[in-house]
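Thanks for coming, everyone. Let me put the model up, and then we'll walk through it piece by piece.

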Amino acid sequence: MAGSKMAVSMKQGAASGWTPLVTAPADTFQRDAAAGTASSVSDPASGSVLRVVKTAASAWSWTLSIPVDRFTGYNGSDETQTYAFRVKMINPMNVSSEPASIERKVDMTPTTLTVDRHDVFQVAGRAYKYVDGDAKVPETKGTVVRITWPGNSSTDVTVGDQGLWQAVPPEGVNKGGFTAQVLSDDAEGADAQGRFQGGNQSAVVSQTLEFRPSNSALPLTGGWPLAVFRILLLMALGLVGFVACLRNKQENRH
């Protein structure tokens, strides 16, 4: 490895070629460097910064920081959200090693949330992973939306088909404001405990719970008002029948 250069590049799933990110010069990996020796290399073209640390007698560790503007062209498709990263060594004879590569989903676009219903019986809305004018791509099914209720209690719900999400306010919560937020929209990358990783938070959306009368309180839909309506109707029918009887008696007398 001593005397060799290390080159790192990346490629978007929808792209045809690799984009160079940084090349560490041959003097980066000194054979006689002590463990703990650290250095960094910056690439002015890509803006990437490579940091290397010698961790043992013949082992090195490296990390690469890539500017956000390297991840462009996302249009809501998985292909434009997926990137491959490749690293290879180039020896003093300018011969390259077999490259090592890895593919990862890189989501730089926070979820967009809407609240379409916000009454004391249900709050609901939609989640979009990409919005561009009239173009709206629903968020990945399984993405977690956290609703924080008045009093600071919270409910986690998952996004369903077509980006739909919904929750029922806890018992006793019938007024006040609530918020909804996606803490991380990496629905495909949960850890062993089921916690979603990624940290790509959506903006917080806020709304106030509204009181919506139950259908049972409306005429002809059930509940006590309908019972009263039925009683009044029976009384009216009875009165009509009583009047008809009186008329019949009077006619019979004549």
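Strands β11 and β12 run antiparallel, joined by five bridges. Strands and helices here are DSSP runs, numbered from the N terminus: E for strands, at least two residues, and H or I for helices, at least four. Two strands pair if DSSP finds at least two bridges between them. Look at the turn: β11 and β12 form a hairpin with five residues between the strands, and there G151 takes a positive phi near 95°.

Before going on, a word on the source. This is a predicted model, so local features need pLDDT of at least 70, side-chain atom pairs count only at pLDDT 80 or more, and totals for chains, interfaces and linings use all residues. Residues are numbered from 1 along each chain as its sequence is written, and side-chain values use heavy atoms, with hydrogens and water left out.

Which residue stands opposite R146 in β12? That is D156. The side chains of R146 and D156 also meet in a salt bridge, 2.7 Å from N to O. D156 lies in β12, residues 154–158, and R146 in β11, residues 144–148, so the pair ties together parts that are 10 residues apart in sequence. By salt bridge I mean a side-chain nitrogen of Lys or Arg within 4 Å of a carboxyl oxygen of Asp or Glu.

The cut-offs: buried is under 20% relative accessible area, exposed is over 50%, partly exposed is in between, with a 1.4 Å probe and protein chains only.

The whole structure has five of them. One joins R117 to D119, with the closest N and O atoms 2.6 Å apart. How do its two ends sit? R117 is partly exposed, with a relative accessible area of 27%. D119 counts as buried, at 1% relative accessibility. Another salt bridge links R70 and D69, where the closest N and O atoms are 3.6 Å apart. R70 counts as partly exposed at 30% relative accessibility.

R70 takes us to T19. T19 touches S9, M10 and R70, leaving aside residues up to four places away in sequence. Contact here means heavy atoms within 4.5 Å. T19 is found in strand β2. Its relative accessible area is 35%, so T19 is partly exposed.

Strand β1, residues 5–12, is mostly covered, with six of its eight residues buried. A7 stands opposite T23 in β2. β1 and β2 form a hairpin, with six residues between them. What else does β1 pair with? Eight bridges join β1 to strand β6, residues 82–90, and the two run antiparallel. In β6, Y83 is the bridge partner of Q12.

T28 sits in the loop between β2 (19–24) and β3 (38–42). Buried or exposed? T28 counts as buried, because its relative accessibility is 9%. Its side chain reaches the backbone oxygen of P25 at 2.9 Å. That is a polar contact: a pair of N or O atoms within 3.5 Å, where, within protein, one must be able to donate a hydrogen and the other to accept it, and residues adjacent in sequence count only if both atoms are side-chain atoms. T28 also touches S39, V41, V52 and W60, not counting residues up to four places away in sequence.

Over to a helix. L232 lies in helix α2, residues 224–253. At 52% relative accessibility, L232 counts as exposed. I231, L232 and M235 make a nonpolar surface patch of about 320 Å². Patches take residues with over 30% relative accessible area and no salt bridge; like charges are joined within 9 Å, and nonpolar side chains (Val, Leu, Ile, Met, Phe, Trp, Tyr) within 5 Å. Areas come from the Shrake-Rupley method with a 1.4 Å probe; for residues, only the protein chains shown count as cover.

Finally, the overall numbers. The protein has two helices and 15 strands. Of its 254 residues, 29% count as buried. Its accessible surface comes to about 15800 Å², and 53% of that belongs to carbon and sulfur atoms. Among contacts between residues at least 6 apart in sequence, 49% join residues at least 24 apart.
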